[in-house]
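Keep the coordinates open while reading.

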Amino acid sequence: MGRVPVVRALFSNIERSDGSVMAETVKVEAIFGNVELDLRETRFAAGVTELRVKAVFGSVEIVVPADVAVEVHGSAVFGNFEGTTRTTADPDAPALRVVGSATFASVVVKTVPPLRVQKLATELRARRLLPP
């Protein structure tokens, strides 16, 4: 098994948003820091991708497109670990499993429309084909 990539904010802030391919397993750590991962443009391999999250006196926010299935399993001590486990209509859709803990910290997993849908809605509103 290869090395597991790590996104670590130690007394700092990290914001990531790109169209790269997500590794099968990624560690995310926020220790006295903040990590913001926007996965709307990320490409996922077939099967399950796992994010192993640890937040201590910090926060982790993960934005997931609605066309990716999500499993959220975590615990919190003097903090919160939020997110909703959900499936998609497409049985072949990629899946993201978020597991971990938050100690005096916050982990939030949010589901939003895919970026391409948001851009299309904005374009249609600008042309007055959708209500504001």
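The expected span of a helix is 1.5 Å times one less than its number of residues. Helix 1 covers residues 115-126, 12 residues in total. From first C-alpha to last, helix 1 reaches 17 Å, close to the 16 Å expected. Just after helix 1, R128 takes a positive phi of about 60 degrees. The model is predicted, and its local features need pLDDT of at least 70.

Five strands make up an open sheet in the order 1-3-5-9-7. The pairing is parallel. Strand 1 (6-10) and strand 7 (69-77) stand at the edges. Each has a single partner strand, so one side of each is left without a neighbour in the sheet. Neighbouring strands of this sheet are turned by 10 degrees against each other on average, direction ignored.

Strand 5 spans residues 48-56, and strand 9 spans residues 95-103. A55 stands opposite A102 in strand 9.

Another open sheet of five strands has the order 2-4-6-10-8. Here too the pairing is parallel. Strand 2 and strand 8 are the edge strands, and each pairs on one side only. The twist averages 10 degrees from one strand to the next.

Strand 10 (residues 106-112) pairs with strand 6 (residues 59-65). Strand 10 also pairs with strand 8 (residues 80-82). Two residues of strand 10 show how the partners line up. V60 stands opposite V107 in strand 10, and F81 stands opposite V107 as well. E61 stands opposite V108.

| Strand pair | Sense | Bridges |
|---|---|---|
| Strand 5 and strand 9 | parallel | nine |
| Strand 6 and strand 10 | parallel | seven |
| Strand 8 and strand 10 | parallel | three |

**Around S106**

Where does S106 lie? S106 lies in strand 10. Leaving out residues up to four places away in sequence, S106 touches A55, G58, S59, V60 and N80. Of these, A55 belongs to the residue pair A55 and A102 described for strand 9, and V60 is the residue opposite V107. S106 and E61 are 45 residues apart in sequence. In space they are 8.1 Å apart, C-alpha to C-alpha.

**The largest pocket**

How much space lies in the largest pocket? The volume is about 250 Å³. The lining has 15 residues. Closest to the pocket centre are V7, R16, D18, S20 and M22. By class, the lining has nine nonpolar, three polar and three charged residues.

Which strands each supply at least two residues of this lining? Strand 2 (13-17) and strand 4 (34-38) do. Both strands belong to the sheet with the order 2-4-6-10-8. Strand 2 is one of the edge strands of that sheet.

Technical notes. Residues numbered from 1 in each chain as written. Predicted model: local features only at pLDDT ≥ 70, side-chain atom pairs only at ≥ 80, totals over all residues. Heavy atoms only, no water. Pairing = 2+ DSSP bridges. Helix = DSSP H or I, 4+ residues; strand = E, 2+ residues; numbered from the N terminus. Axes fitted to C-alpha atoms, helices over the stretch in contact; angles between N-to-C directions. 1 Å grid on protein atoms, 1.4 Å probe; cavity = no way out; pocket = protein on both sides within 12 Å on 5 of 7 lines; lining within 4 Å. Points joined across faces, edges and corners; volume = space filled by probe spheres on them. Nonpolar A, V, L, I, M, F, W, Y, C, P; charged D, E, K, R; others polar. Contact = heavy atoms within 4.5 Å.
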